[in-house]
Amino acid sequence: GYRYFQQKYRKQFRFFTCHQKNAAGSMARFLKMELELRNPGTKTFIDCDDLTDLTRLFSYVGQDTETFLILGSPAILTRKWCVGEMVTAHRNNVKTLLLSWPAFLKPDEKFIEHFPTLVPDYGELANHGIGLSDVAKTFRWLHTVASHNLPEKFTPSSAFPLVSMLCGQSLSACRMTTFYSTDCPVLANPEDTEAMATAMVLSSMLNPKLIGT
C-alpha cells in the first residue's frame, strides 16, 4: 500500500541536473546514468533528453522535481537559463544540493552587483517573471544550500561515494552499477573533472560492445 502511494504521487523527476553544457555536460550524463541505474523506476532530468518545450523548463524544476542538483562548474552563474532554474528552485522550496567544482566560487555581493554586466542578456528571464532582485536573493540563498565539494582529482573511486551520497545509500550497502575498465582504455586527465566524466561515460558505453569480442 505505501509503495503504491509513493509511486502514484512521486514527482516526475527524482533529480534535475542544472548544468553548464560545455563544462559539465558529460558529468550530467554520467550522473543520470548512475542515478537511474541505482534507483530503478526513477528519472533524472537532463535537458538534451527531457526538454522538448523551453516554456516548460522552469515548471519542470518547480513542480516536477524532487531534488535539484546544481553542477557547480566555475562559470555556471553566468548562464542565464541555469540561473533561472536556480531562482525557480528557490522560489518553490525544492530540495537543492550544490556539487561544487574545485574552482567554483559562491557569489559575493560584488558578483551580485556586477551580474547585469557579466550576463548582459539576463533580461530574457523577465519573460518568465524573474528579475534582478530574484537573482540577488537566490545568489545569497546559495550560501545556505547543502553542498558537496568534488575532489581535485575525479576518478571512479571518488565517483562511487558521490553517487551513494546522492542516493542516500551507505557505501557498504551498494555497489557501483557501471564498470569503467574495458579492453579499450579511455585515457583522461584526472584533474579535469569533465574529461574524466566523459571517459567514464564512454567506458560504460563501450563495455557491452566489447563483451565476448
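I then looked at strand 1 (residues 13–18), which runs parallel to strand 2 and is joined to strand 2 by 2 bridges; phenylalanine 15 has threonine 44 of strand 2 as its bridge partner.

**Ground rules.** I number residues from 1 along each chain as its sequence is written, and side-chain values use heavy atoms, with hydrogens and water left out. Since the model is predicted, local features need pLDDT of at least 70 and side-chain atom pairs count only at pLDDT 80 or more, while totals for chains, interfaces and linings use all residues.

**Element count.** I listed 9 helices and 5 strands in the protein, taken as DSSP runs numbered from the N terminus (helices are H or I with at least four residues, strands are E with at least two). From the N terminus on, the order of the elements is α-β-α-β-α-α-β-α-β-α-α-β-α-α.

**Lysine 32.** I looked up lysine 32 in helix 2 and found a relative accessible area of 9%, so lysine 32 counts as buried (under 20% relative accessible area; exposed is over 50% and partly exposed in between, with a 1.4 Å probe and protein chains only). Leaving aside neighbours within four places in sequence, lysine 32 is in contact (heavy atoms within 4.5 Å) with Thr44, Ile46, Asp49 and Asp50. Lysine 32 and threonine 44 are 12 residues apart in sequence and 5.4 Å apart in space, C-alpha to C-alpha.

Threonine 88 belongs to helix 5 and is buried, at a relative accessible area of 8%. Not counting residues up to four places away in sequence, threonine 88 touches Phe58, Val61, Gly62 and Ile130. In helix 7 (residues 132–141) I noted Asp134, Val135, Ala136, Thr138, Phe139 and Trp141 as the buried residues, and these pack against helix 5, strand 4 and helix 6 (109–118).

**Largest pocket.** The largest pocket holds about 240 Å³ of space. Of the 16 residues lining the largest pocket, those closest to its centre are His19, Lys21, Asp47, Trp81 and Glu85. Strand 1 and helix 5 (80–91) are the elements that give two or more residues to this lining, and helix 5 gives the most, with 4 residues. A pocket here is an open set of points on a 1 Å grid over the protein atoms alone where a 1.4 Å probe fits, with protein on both sides within 12 Å along at least five of seven lines, and lining residues have an atom within 4 Å of a point. Grid points are joined across faces, edges and corners, and the volume is the space filled by probe spheres set on the points.

**Whole protein.** Finally, I noted that buried residues make up 46% of the 213 residues.

Definitions and conventions:
Two strands pair if DSSP finds at least two bridges between them.
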